[in-house]
Amino acid sequence: MTGVPGELANSGEFIARHIGIDAAAERQMLEALGVDSLEALVRDAVPVSILHQAPLALGEPASEAHALARLKAIAARNERWRSFIGMGYYDCFTPRVVQRNVIENPGWYTAYTPYQAEISQGRLEALLVFQQMVIDLTGLPIANASLLDEASAAAEAMLMIRRSAKSRSQRFFVDAACHPQVIAVLRTRARWLGIELVVGDPGRDLDPAAVFGAHFQYPDTQGRVRDLTAVIAALHASQALASMGCDLLALLLLRPPGALGADVAIGSAQRFGVPMGYGGPHAAFMACRDEWKRAMPGRIIGVSVDAAGRPALRMALQAREQHIRREKATSNICTAQALLAVVAAFYAAYHGPEGLKRIALRANFMARLLAACVAARLKPVHAAFFDTVSFAVSEASAIRARANAKRINLRWSGNRTLGVSFDETSTAADVADVAEVLTGDRAELEPLLRALAGEPLSIPQPLRRADGVLTHPVFNRYHTETEMMRYLKRLENRDFSLVHGMIPLGSCTMKLNAAAELEPISWPEFAAIHPFAPPEQAPGYRRMLAELRGMLAEITGLPAVSLQPNSGAQGEYAGLLAIRGYLEAKGGGARDVCLIPASAHGTNPASAHMAGLRVVVVACDEAGNVDVADLQRRIDEHRDRLAALMVTYPTTHGVFEEAIVDICERVHAGGAQVYMDGANLNAMVGLAKPGDIGADVCHINLHKTFCIPHGGGGPGMGPIAAAAHLEPFLPGHPSSGDETRVTVSAAPFGSALILPISWMYIRMMGARGLRRASEIAILNANYVAERLKRYFPVLYAGRAGRVAHECILDLRKLKPALGVSAEDVAKRLMDYGFHAPTLSFPVADTLMVEPTESESKHELDRFCDAMIAIHGELEKIRQGLWDRADNPLRNAPHTAVELAADWRHSYSREEAAFPVPGLRAAKFWPAVKRIDAAFGDRNLVCTCPPVEACA
């Protein structure tokens with residue numbers, strides 16, 4: 001009860017904050033489109049057969065204050081016990097300068113994956129620092145710019161080794177002393193790819209001649225530090241390869257994997273300043289030997305040069321990736337964990353090598369101090385350790401009781417062995433409390449503190465690191481807050497994000513990430529919870545997650561929801577695994593054909609391949625829709641082997657195709673299941689439900705439709721919603737004791753810390769706000785299409801000539817006629833103060849525009865005016881007023897440095913940099929000129945260049 005009339009309570013206030021179009025702008029835009037109402041436009045765009053008239057059962061919208069208060073009350077139910085669980089997750093201190101200037105700064109978290117490198121140089125540099133950090137610490141020469149989590153990184157390493165090893169074996173060995181979540185994800189990934197996983201003791205169960213590779217943990221899950229040099233050498237002698245899961249903090253003190261002979265090193269950078277967050281998001285890493293670089297999954301940031309010959313950064317070797325190679329890609333990875341990699345890199349730069357080593361020595365000291373405190377009663381199971389000590393105990397019930405009394409979480413393996421892991425936050429008082437828990441007696445610390453050496457005596461001398469690390473100036477300069485603050489701002493200023501203007505990337509949904517939605521991720525009640533804490537300590541999380549599952553089930557019309565997949569591509573994979581599991585249970589395990597329309601995003605065929613499915617492409621017709629006749633031919637041709645259809649709706653061509661219900665029915669009649677890609681769900685929420693249309697399972701990109709920010713390339717979340725018959729085949733997790741289900745992510749609920757963002761968005765929008773967001777997304781896209789169609793043809797439209805939430809502008813005739821490509825137009829938009837729309841996807845030499853519901857009519861008009869002005873520039877080339885080779889489009893973008901230099905172009909500086917008057921008041925300058933992609937791939941450098949190279 002608010003106690004005031006509804007119009008004064010204004011519970012829908014947030015709707016108007018989120019949606020950029022007010023009533024006056026809506027009337028003007030509808031008039032331009034020639035329709036009487038928003039409802040009429042929606043009826044033109046959305047097939048009547050799927051249009052949902054009843055409101056979603058999500059209730060009324062809540063104000064920001066009320067939503068935050070309710071979520072704060074839910075979060076307060078979580079219990080913050082001291083965690084000594086370890087298993088790859090550790091408490092740490094996030095530097096406040098990084099917290100405030102990066103994690104809580106929209107200049108960092110609202111940027112997109114840096115495909116447009118000229119306006120992404122800041123986060124590209126930060127990701128290059130991350131790579132340099134990983135390279136230094138692992139002792140391997142090539143690193144990527146992050147993966148989703150440690151467990152999926154291990155699975156990627158297994159597949160990378162399979163592609164690269166000369167051994168023809170189909171068996172892969174996994175050390176039983178790896179973290180349980182890593183083993184679970186490896187089992188899942190191996191299952192449908194014909195890989196036999198052998199889990200055991202390397203000294204007893206590993207036959208190097210019988211496997212194509214092996215994966216080890218270093219230190220292992222019990223804390224043990226082992227020299228694996230001889231084991232890896234034996235693998236190499238049998239033409240097999242080795243990967244190691246390692247701890248970056250431990251590698252400050254341990255000999256690196258590269259020195260032990262490892263071919264691949266993976267792990268999590270979580271403890272470098274990133275909260276545990278009940279499991280994520282955290283940046284995983286991968287490094288490898290130089291000879292395997294083209295088999296490496298994920299993004300690699302490389303050093304190249306721009307058109308002026310100056311050093312510039314870009315994503316390198318993109319021909320490996322799913323958006324180009326589709327089912328032949330090295331991985332299905334699209335979103336990674338860029339923002340978290342950036343945080344880890346800045347943590348390393350802020351502390352520097354000496355500071356990091358001090359933190360590592362302190363964690364090791366606490367572990368040795370505990371061993372000394374309990375030495376009279378307990379001996380470590382393993383004498384060599386870094387930060388984790390394991391003990392065999394006989395009084396388990398008494399120890400559990402004492403631990404509960406002190407609100408301490410230990411790691412139990414059965415009822416006889418426990419582990420204690422220390423971290424950056426651990427104190428001597430913590431050690432005393434844990435010692436009392438283990439023995440029942442209070443230890444006298446002072447004599448032990450005086451006697452215990454600072455050097456890591458629990459690490460054998462041959463395994464201690466002797467070489468210098470992190471010697472690049474970036475790790476040795478920014479150790480004061482003033483210097484770090486300026487460095488962060490300098491990088492931020494080189495990046496275009498939503499703080500500068502619209503990012504109209506088609507199929508990416510770059511909408512508002514509201515401050516109220518993001519506030520809860522900084523609350524320690526959510527941020528400081530270990531993912532394997534007992535469930536009874538996280539009732540707040542469980543309540544919030546259950547409510548979010550219910551919301552997503554209502555929105556999709558599919559009752560079973562898994563929150564485990566931590567990216568859209570992982571959601572695709574998990575959904576396909578559910579289909580495969582269901583079909584196998586019905587005796588259809590041989591069904592292995594997946595139909596995918598030719599227009600599909602590259603993750604679709606890549607995910608299908610990962611699930612062991614054979615991809616059969618279905619043609620699209622001239623209108624961009626699925627060719628139903630070709631679909632039926634494919635169904636008939638593969639009827640006995642047909643497993644699934646993967647279909648994006650609305651289509652990747654930006655239309656609501658009319659035949660979608662018929663398509664689903666045909667697939668079901670062929671004995672297969674329908675997987676709906678939810679990439680374009682932003683056009684459907686409150687208007688149509690995938691479950692009602694005929695989908696059996698769909699994934700939901702929370703980092704698109706439900707406002708989790710893109711973070712410059714991650715984090716993301718890709719939960720899946722499924723029909724009831726698929727529920728038994730959705731992901732589970734070994735931490736819950738259920739090892740019969742598949743596991744796709746390291747943590748039970750994926751990147752749980754960012755799920756409150758989507759909870760807040762749905763709660764503040766309510767049923768009517770969500771529906772209006774979809775309606776305005778459709779309105780905005782159609783308005784842009786209407787304004788631009790006389791200058792750049794709109795390639796596809798649905799019934800009544802309407803598009804869905806995005807439109808494709810056809811620029812294919814420019815190159816032969818004027819020598820100008822769609823890429824030239826994309827780069828020229830940077831000079832006008834815009835991030836380009838999606839370039840050459842799903843059709844080459846086109847631009848796909850998705851304005852989202854969050855942009856104002858003023859911003860839409862500014863974009864349209866820029867495109868119309870560019871059309872005028874094209875006409876100057878056509879008329880011979882501008883040279884075909886030397887014009888602002890071919891030379892775009894233009895930098896401030898270039899304008900200050902000797903000007904040798906046939907057009908003026910004014911035409912280059914200030915093509916419209918408004919730019920004089922506010923101008924975003926690209927940091928570099930157009931980057932030479934081929935040079936960067938031919939001369940791959942993925943480490944920080946020396947300072948003099950950037951002078």
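Cavities were located on a 1 Å grid over the protein atoms alone, a cavity being a set of points where a 1.4 Å probe fits but cannot get out, and lining residues being those with an atom within 4 Å of a point. Grid points are joined across faces, edges and corners, and a volume is the space filled by probe spheres set on the points. The structure is a predicted model, in which local features need pLDDT of at least 70 and side-chain atom pairs count only at pLDDT 80 or more, while totals for chains, interfaces and linings use all residues. Residues are numbered from 1 along each chain as its sequence is written, and side-chain values use heavy atoms, with hydrogens and water left out.

The chain has 34 helices and 24 strands; these are DSSP runs numbered from the N terminus, helices being H or I of at least four residues and strands E of at least two. The radius of gyration of the chain is 28 Å, close to the 30 Å that the globule rule gives for 951 residues, so the chain is as compact as a globular protein of that length. The radius is taken over C-alpha atoms, and the globule rule is 2.2 Å times the number of residues to the power 0.38. Along the principal axes, the C-alpha atoms fill a box of roughly 85 × 70 × 65 Å.

Rolling a probe the size of a water molecule over the atoms shows where empty space is left. Nine cavities of 30 Å³ or more are present in the structure. The largest cavity contains about 200 Å³ of space. Its lining is made up of 22 residues, and G88, Y90, H179, D247 and R271 are those nearest the centre. Strands β5 (213-218) and β6 (241-247) each contribute at least two residues to this lining, and β6 gives the largest share, three residues. By class, seven residues of the lining of the largest cavity are nonpolar, ten polar and five charged. In this division Ala, Val, Leu, Ile, Met, Phe, Trp, Tyr, Cys and Pro count as nonpolar, Asp, Glu, Lys and Arg as charged, and the others, Gly among them, as polar.

The second largest cavity has a volume of about 120 Å³. Around the second largest cavity are 18 lining residues, of which Y89, D149, E150, H282 and A746 lie nearest its centre. Six residues of this lining are nonpolar, ten polar and two charged.

An open sheet of seven strands has the order β15-β21-β20-β19-β18-β16-β17, with mixed pairing; two strands are taken to pair if DSSP finds at least two bridges between them. Its edge strands, β15 (560-562) and β17 (614-618), each pair on one side only. From one strand to the next the twist averages 20°. Axes are lines fitted to C-alpha atoms, for helices over the stretch in contact, and angles run from 0 to 180 degrees between N-to-C directions. Within the sheet, β18 (residues 642-648) and β19 (residues 673-677) run parallel and are joined by five bridges. The bridge partner of T648 in β19 is D677. Helix α24 (residues 603-610) packs on the sheet and touches β16 (593-597), β17, β18 and β19, its direction making about 175° with that of β16. Helix α25 (residues 628-637) also packs on the sheet, touching β16, β17 and β18, and its direction makes about 150° with that of β17. Contact here means heavy atoms within 4.5 Å.

A three-stranded open sheet has the order β11-β14-β13 and antiparallel pairing. The edge strands β11 (388-392) and β13 (411-413) each pair on one side only. On average, neighbouring strands of this sheet are turned by 25° against each other, direction ignored. Three bridges pair β13 with β14 (residues 417-421) in the antiparallel sense, and G419 in β14 is the bridge partner of R411.

Most residues other than glycine have a negative phi, and most peptide bonds are trans. The peptide bond joining G280 and P281 is cis, with omega about 10°, and P281 lies in the loop between β7 (264-268) and β8 (284-288). Y278 is found in the loop between β7 and β8 and, although not a glycine, has a positive phi of about 60°. A cis peptide bond also runs from G714 to P715, with omega near 20°; P715 is placed in the loop between β20 (697-699) and β21 (720-722).

Note on methods
1 Å grid on protein atoms, 1.4 Å probe; cavity = no way out; pocket = protein on both sides within 12 Å on 5 of 7 lines; lining within 4 Å.
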